[in-house]
Amino acid sequence: MNKVVFPNEISGAENLQQQFEPYGWYAEMRKNSPVYYDEKQQVWNVFLYSDVERVLTDYHLFSSDTGKRIAGSLALKEKGITEMDPPDHGKRRALYTKAFSTRTLQEWEPRIQEISRHLLEEVKEKQSIRILGDLATPMPVIVIADLLGVPSSDWMLFKQWSDVLIASGTRETYEDINLKKEEVMKEMAVYLSPIIQEKRENPAKDFLSDLTQTEYKGQKLSDPEIIDIAISLLLAGNVTTSTLLFSVFYCFLLDRPGVYRELRENPQLVDQAIEEVLRFRPPAQVLMRKVQEDTDMFGSLMKKGEIVMAWLGSANRDENTFAQGDQFDIHRPNSNKHLTFGKGCHFCLGAPLSRLEAKVMLTEMIKCYSDISIGGFDNDLILNVTRD
């Protein structure tokens with residue numbers, strides 16, 4: 001159990017609402033305890049933008065190979081790319097790069113538009129829609145499934161698996177949740193194995209086919225290695241974008257009402273608006289690193305082997321970097337300086353895809369609906385919609 005860190009115990013969040021709104025705590029910590037050692041979890045915590053940025057970019061001093069996990073993160077059998085430091089990290093990252101290259105995304109944009117329009121067509125007769133249930137959940141799962149080369153018609157199955165794999169729970173429920181995760185990993189391996197075998201024999205134009213043909217450290221990847229990569233991409237490729245799409249409409253309706261109508265009149269602001277959502281409500285709040293040698297660079301002695309939690313959600317609202325950081329403003333000139341996708345060698349490879357999906361879906365929404373309003377908030381954000 002000491003290999004798992006529970007961020008909610010550090011922040012004191014006791015329920016989902018407090019987990020969704022940790023920003024008051026962040027402000028207090030930035031002001032009073034910007035570098036804080038949590039005795040119970042035995043981890044350091046940094047909250048200022050400059051400190052979080054340094055932890056994320058200085059891999060010589062702050063290693064990604066921590067030997068621990070954040071509760072709710074994926075535990076693969078093999079060490080994943082997010083747990084590697086250079087030079088191994090660079091070699092492994094090269095395997096992913098092709099799937100997320102600019103050229104590939106340009107090729108995929110028409111398909112993403114097709115998926116978005118299809119989902120909106122399915123709800124065109126409704127006067128209210130569920131952001132997660134109708135749009136934000138199916139869209140990214142279908143996209144990443146198509147990109148990988150697995151049947152997108154199984155998207156509901158992928159979503160069910162993802163829900164189990166990202167569950168964090170509490171100390172009391174962690175062991176039971178972990179057993180469920182192990183079962184899901186076995187189910188996914190059984191599902192993916194024949195698909196991978198087919199790709200080896202008959203490669204297609206998809207990422208799994210590429211993985212079956214490529215080499216790492218002089219050898220072709222084994223089926224278990226490809227399965228681990230596929231699982232991590234299926235999970236990361238849908239959860240991040242789903243959360244981002246949910247946050248887009250939450251910000252527009254609850255954090256700054258009126259933004260949707262402004263985008264409707266000025267659709268060229270869509271990209272800028274998405275960057276501000278990423279800054280204001282990042283899909284992931286914290287990343288973890290391990291101290292490689294004793295250092296007092298942040299004013300307190302951090303010893304070799306100790307863990308540092310870099311709070312992205314706090315850094316993104318640090319007023320030393322973002323003026324009036326706790327206000328949502330799509331006209332903010334430096335929104336894109338956020339650390340939501342990390343920084344340095346571990347910058348998220350899927351960031352361009354997530355941004356593109358959010359842009360396409362939001363653009364299609366403002367074409368379809370002249371106005372939206374809050375219709376409810378019951379484990380999902382319900383929108384009342386007015387069509388053109």
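Glutamine 42 lies in the loop between strand E2 (35–38) and strand E3 (43–46). Helices (H or I, at least four residues) and strands (E, at least two) are DSSP runs, numbered from the N terminus. This is a predicted model, in which local features need pLDDT of at least 70 and side-chain atom pairs count only at pLDDT 80 or more, while totals for chains, interfaces and linings use all residues. Residues are numbered from 1 along each chain as its sequence is written, and side-chain values use heavy atoms, with hydrogens and water left out.

Glutamine 42 is not a glycine, yet its phi is positive, at about 60°. Its relative accessibility is 54%, so glutamine 42 counts as exposed. The cut-offs are these: buried is under 20% relative accessible area, exposed is over 50%, and partly exposed is in between (1.4 Å probe, protein chains only).

Glutamine 324 also has a positive phi, of about 50°, although it is not a glycine. Look for glutamine 324 in the loop between helix H15 (312–315) and helix H16 (351–368). With a relative accessible area of 49%, glutamine 324 is partly exposed.

Now turn to a covered helix. In H8 (residues 138–148), 11 of 11 residues are buried. Among them are Pro138, Val141, Asp146 and Leu148. Just after H8 comes glycine 149, with a positive phi of about 100°.

Next, a helix pair. H9 (residues 155–165) and H10 (residues 174–201) pack at about 150°, with their axes 9 Å apart. Axes are lines fitted to C-alpha atoms, for helices over the stretch in contact, and angles run from 0 to 180 degrees between N-to-C directions. H9 and H10 are therefore roughly antiparallel to each other, a label for angles over 145 degrees. On the H9 side, the contact (heavy atoms within 4.5 Å) is made by Leu157, Phe158, Trp161, Val164 and Leu165. The H10 side includes Lys180, Val184, Glu187 and Tyr191.

Where is aspartate 380? Aspartate 380 sits in the loop between strand E11 (369–377) and strand E12 (381–387). Its relative accessibility is 3%, so aspartate 380 counts as buried. Its side chain makes a polar contact with the side chain of arginine 130 (3.5 Å). A polar contact is a pair of N or O atoms within 3.5 Å; within protein, one must be able to donate a hydrogen and the other to accept it, and residues adjacent in sequence count only if both atoms are side-chain atoms. The side chain of aspartate 380 also reaches the backbone nitrogen of leucine 132 at 2.9 Å.

Technical notes. Parallel < 35°, antiparallel > 145°, perpendicular 65-115°, else oblique.
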